Every structure is written in C-alpha cells, then in structure tokens.
Amino acid sequence: MSAPPPAIRVDRVTKTFRSWESTEGRSWKRPFQRRRARRTAALSEVGMTVETGEFIGLLGQNGAGKSTLIKVMTGLLLPESGTARLYGLDPYADRERNAHTMGVTFGQRTQLWWDLPAHDSFTILRDIYGLPEAEFRATLTELNDVLALSSFWDTPVRFLSLGQRVRCDLAAALLHRPPLLFLDEPTIGLDVLVKDQVRTLLGDLARTGDHTIVLTTHDMAEVEALCRRLVVIDAGRVVFDGERGELAGAAHHRRTVVVEFETPPGPLSLRTAEVVSADGTTVHLRPHPGAEQRQVTDELLSAHSVRSVVFDGTKVEDVLRTLYARRPETAAAAAPTGGPA
Ligand SMILES: Nc1ncnc2c1ncn2[C@@H]1O[C@H](COP(=O)(O)OP(=O)(O)OP(=O)(O)O)[C@@H](O)[C@H]1O
C-alpha cells in the first residue's frame, strides 16, 4: 500500500502579477497620464512539502510572497505554472472538498460577513460544514473560553475593533475542527494577553500531532514559541527551508559577544574571536566560525578579570536580518516591463 500524500505539496509554483504605474508622476491634473506595465514576480519556482502534524513558520519581509503562496495553497489563486496539492488534491479544482479539511485566516482581511454579527457568521458556517448542533455548540464554547468572544459576537463585524475581528476570524477558521490550518498573521492587532492565549491554543493543537499548521507572522517571539521548521521566502523564492536551529548556519550569521571587563583590557588578541569594537571596559567581539560559546568564555576568563559576558544575536529576528542583508538588491523581483501603455 502506498504512503498517504503529504498534507501540503507545492512544486515549482510561479505567480507573476501585472499592474500599471504612471511614467509621469501622479497628479489629478493629469488624468490621462502615460502608464507602463509592471510585472511583479510574487513567487518564482517555489517548492515545499509539509507532512501531517508539522507546524511551520512561513517567514519573509513585507512583499516577499507569503500571502500569495497561502492563496495558491488554499485555492484562492491559480499559479501560472507549477502545482499545489493538499492531501493529494488540487486546492483550486477541489476547493469544495478541501474546505472541509482546512481553516484559513488572513489577519489583514476578514472572512466573515461584514454586515452580520460574528455569531450569525458562525451559524452560517455551521450549516455550510454540516456540523451537528451539539458539536457546533461544544466547539464554540471551547473557542469562547480561549478567545473571549461572547461580549461582542452579537455586534456586526464592521463595528468590531481589529483585535475583536481577528479573534472572530480565528474562531471561524477553527469551528469545523479542520486538520490543516493556514494562519496568515493570526495575532495581528491582538493585545498581549489574548496573543498569549492564541499562542497556547495553537501550541495545544500542534501537540495533538493531528494538525498541520502553516503560520505567517512578523512576530518572532511567536515563531520561537511555536515553529520548529521555518520556510523563509525572499523576493518570491525560498531561501531557507529547515529546522529553526539551522537558520543561523545557513545565513552565515555570526553572533556578537559583549564583554564587560573589570578594567580596560588594552589590545586584545584572542584565538576564539575577533574584536569588533572597544570602549573602555566594554568590548564587542565576534566569535570565529566554529568557535563555541563555552570556548570563547573559557578563553576570556582564563586570562582576564571579566565582570560579564553576554552573547547576543541568537534570536530568529537577528538571524533573519543577516539573511536579508545578504541579498544584493531588496526589490530584485519587481521589474518594469514593456513601454508606455
Ligand atoms: N493582486 C496583486 N496585484 C499586483 N501585485 C500584487 C498583488 N498581490 C500581491 N502583489 C505583489 O506581490 C508581492 C508579494 O505580495 P504578498 O502579499 O504575497 O507579500 P507578503 O509576503 O504576504 O507581504 P506582507 O508581509 O507585507 O503581508 C508584492 O510585491 C505585492 O505588491
């Protein structure tokens, strides 16, 4: 018997957007200004496979292509080349079947009926998914315990604050208990307490091993708390796909060390690190590639009176900064095409 297909398989997906830009600058005085076409390669030959039970962080700078990839994976957009499959099914052609197995949130945009109270949207979704009443009530009670929705779920969605709306969107995505979740910035606009609760909820779902979760976020604390595997997109291309702990090596990221000496150490020559800067008793070092934290500390302590040694730059955020800085041109993917229209 062949193995079941992975939860997600994306193979060489490319998506280019065409838009128009003025060649003469914007002005209401020039309504018939000349325009030229602009091509944006939002995704270029993107590939990845996500097995059932994985929780991946899909990361990248603004405009990197994360939302476009989620739209392709969820069948909202057709790629111009390449394929996407969810449990072996085409997300676009089989979107009705897939709707039962996946939940999607787009933090920036609501999936709820704008003029209806959120609770009415939940009831409509109950009917769309054919959920038994008892199951619907039990799930909604659980979600309400975590997301505290009941004080505003009778208010039309368009009157909700961003944080309230995002919480309702999250509940709508989880209502039919889908095994596959695409969460595009699910905690945007949430206060710290609700953010913590959502993080706990996602962590609990992940621990069951039954849920496959793709999370995009600009909150690196969230990534460190939840995601073991990271896929980093830059200018529409996958530039890293691996364990979180491997990211620093792949980015050639070197941490810095801030050493506070008892007295100014004078010129320093170390086997394990180079001096980046020195100011009185404070010295910034950069460990040589391969030098471990303990080796640097041992060398410092063996020859000097040291007050403190702080290793910096170990966070995902610091490593991503290094990774992005390695790219020659930030806007490499966007290029004007053709002449004036
Ligand atoms: N409908 C569209 N028409 C034209 N260009 C688009 C369209 N949608 C996205 N783009 C462009 O495609 C690129 C990728 O956009 P996308 O929304 O996927 O980025 P993102 O990584 O999700 O960014 P962010 O973190 O800011 O949400 C951007 O340059 C964006 O301007």
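This is a predicted model: local features need pLDDT of at least 70, side-chain atom pairs count only at pLDDT 80 or more; totals for chains, interfaces and linings use all residues.
I began with helix H4, where Leu140, Leu143 and Leu147 are the buried residues. Seen around the axis, these three cover an arc of only 65°, which puts them on the same side of H4. (The arc is that of the directions from the helix axis to the C-beta atoms.) Buried here means that 20 or more other C-beta atoms lie within 10 Å of the residue's own; 12 or fewer makes it exposed, anything in between partly exposed, and the C-beta atoms are placed from the backbone.

Residue numbers start from 1 along each chain as its sequence is written.

**More on H4**

I looked at the other side of H4 next, and found Ala134, Arg137, Ala138, Thr141 and Asp145 exposed there. H4 runs over residues 133-147, so to speak a stretch of 15 residues, and reaches 20 Å from its first C-alpha to its last, close to the 21 Å expected at 1.5 Å a residue. That expected span is 1.5 Å times one less than the number of residues.

What covers the buried residues of H4? I found that the cover includes helix H3 (118-129), helix H5 (162-174) and helix H6 (192-207). After H4 comes Ala148, and its phi is positive, near 45°.

**H6**

For length, the 16 residues of H6 should span 22 Å at 1.5 Å a residue, and the end C-alpha atoms are 22 Å apart, which agrees. Gly209 follows H6 with a positive phi, near 80°.

**H10**

Helix H10 covers residues 316-325, and its buried residues are Val316, Val319, Leu320 and Leu323. Down the axis of H10 they fall within an arc of 100°, so they line one face of the helix. Among the elements covering them I noted E3, H7, strand E8 (229-234), strand E9 (237-243) and helix H8 (247-250).

**The ligand**

Which residues surround the ligand? My list reads Phe17, Ser19, Thr40, Ala42, Gly60, Asn62, Gly63, Ala64, Gly65, Lys66, Ser67 and Thr68. A residue is near a molecule or strand if its C-beta atom, placed from the backbone, lies within 6 Å of it. Strand E1 (8-22), strand E2 (35-50) and helix H1 (66-73) each supply at least two residues of this shell. H1 gives the most, with three residues.

I sorted the shell by class and got three nonpolar, eight polar and one charged residues. In this scheme Ala, Val, Leu, Ile, Met, Phe, Trp, Tyr, Cys and Pro count as nonpolar, Asp, Glu, Lys and Arg as charged, and the others, Gly among them, as polar.

Arg12 sits in strand E1 and has a positive phi of about 50° although it is not a glycine. Arg12 counts as partly exposed, with 13 C-beta neighbours inside 10 Å.

Tyr87 is not a glycine either, and has a positive phi of about 50°. I found Tyr87 in the loop between strand E4 (81-86) and helix H2 (95-101). Is Tyr87 buried or exposed? Tyr87 is buried, with 20 other C-beta atoms within 10 Å.

**The whole thing**

I ended by zooming out. The protein has 10 helices and 14 strands, and 32% of its 341 residues count as buried. Its C-alpha atoms fill a box of roughly 75 × 60 × 55 Å along the principal axes. The domain assignment gives domain 1 (8-249) and domain 2 (255-312); such bounds come from an automatic or database assignment. Taken over C-alpha atoms, the centres of domain 1 and domain 2 are separated by 44 Å.

Methods
Helices (H or I, at least four residues) and strands (E, at least two) are DSSP runs, numbered from the N terminus. Two residues are in contact if their C-beta atoms, placed from the backbone, lie within 7 Å.
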